[in-house]
Amino acid sequence: MSRLQLALNVDDLDTAVAFYSTLFATEPAKTRPGYANFAIAEPPLKLVLIQNGGHGGTLNHLGVEVEDVERVDAELERLTAAGLASTEERDTTCCYAKQDKFWVENTPSGERWEVYAVLEDSETFGGGRTSSQDTCCGSAVSEELHADAAACC
């Protein structure tokens, strides 16, 4: 099963969790300091909330969560052939999960899409990878997550 991922920056995580729990009639699948995600069955959606004060209501990033690494590889091959895929990341930790993924860049409006499979849960927001980006998942993160996210994505 694949589902779209929508990652939003929020000013206040608790308020956002309460709102989206009501909106989608479900509780978060995972909560950590400054972070929550919902695995919504209907419509099929992975909603990610990242506390990032002063940036609430803005898009952090978009994604497509796929069921396994084989599907990541198939999509990477398909989109590379079309000239769209870039920035492959294997065995990386981001958003409290170890993942294999790649980023689709050079979109018409500059947003970044990730195509990923979750390999396992993680106790840390990011790590295990060095990056020249001062971001996680392609977008700025809050100060409280920043130290944990410095090596993410």
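Predicted model: local features only at pLDDT ≥ 70, side-chain atom pairs only at ≥ 80, totals over all residues.
Trainee: What makes Ser-21 count as buried or exposed?
Mentor: Its relative accessibility is 9%. Buried means under 20%. Therefore Ser-21 counts as buried. Ser-21 sits in helix 1, residues 13–24. Beyond its neighbours within four places in sequence, Ser-21 is in contact with Thr-26, Glu-27, Pro-28 and Phe-38.

Trainee: How do you know whether the buried residues of helix 2 line one face?
Mentor: Start with the list: Val-72, Glu-75, Leu-76 and Leu-79 are buried. Seen down the axis of helix 2, they fall within an arc of 105°, so they line one face. An α-helix has 3.6 residues a turn, so residues three or four places apart point the same way.

Trainee: What do the buried residues of helix 2 pack against?
Mentor: They pack against strand 6 (85–94), strand 7 (97–104) and strand 8 (113–121). The face turned away carries exposed Glu-70, Glu-77 and Ala-81.

Trainee: What makes the pair of Asp-68 and Glu-70 a polar contact?
Mentor: A side-chain oxygen of Asp-68 reaches to within 3.3 Å of the backbone nitrogen of Glu-70. The cut-off for N or O atoms is within 3.5 Å. So the pair passes on distance. The contact is at the start of helix 2.

Definitions and conventions: Residues numbered from 1 in each chain as written. Heavy atoms only, no water. Helix = DSSP H or I, 4+ residues; strand = E, 2+ residues; numbered from the N terminus. Buried < 20%, exposed > 50% of the residue type's maximum accessible area, 1.4 Å probe, protein only. Contact = heavy atoms within 4.5 Å. Arc of directions from axis to C-beta. Polar contact = N/O pair within 3.5 Å; in protein donor to acceptor, adjacent residues only side chain to side chain.
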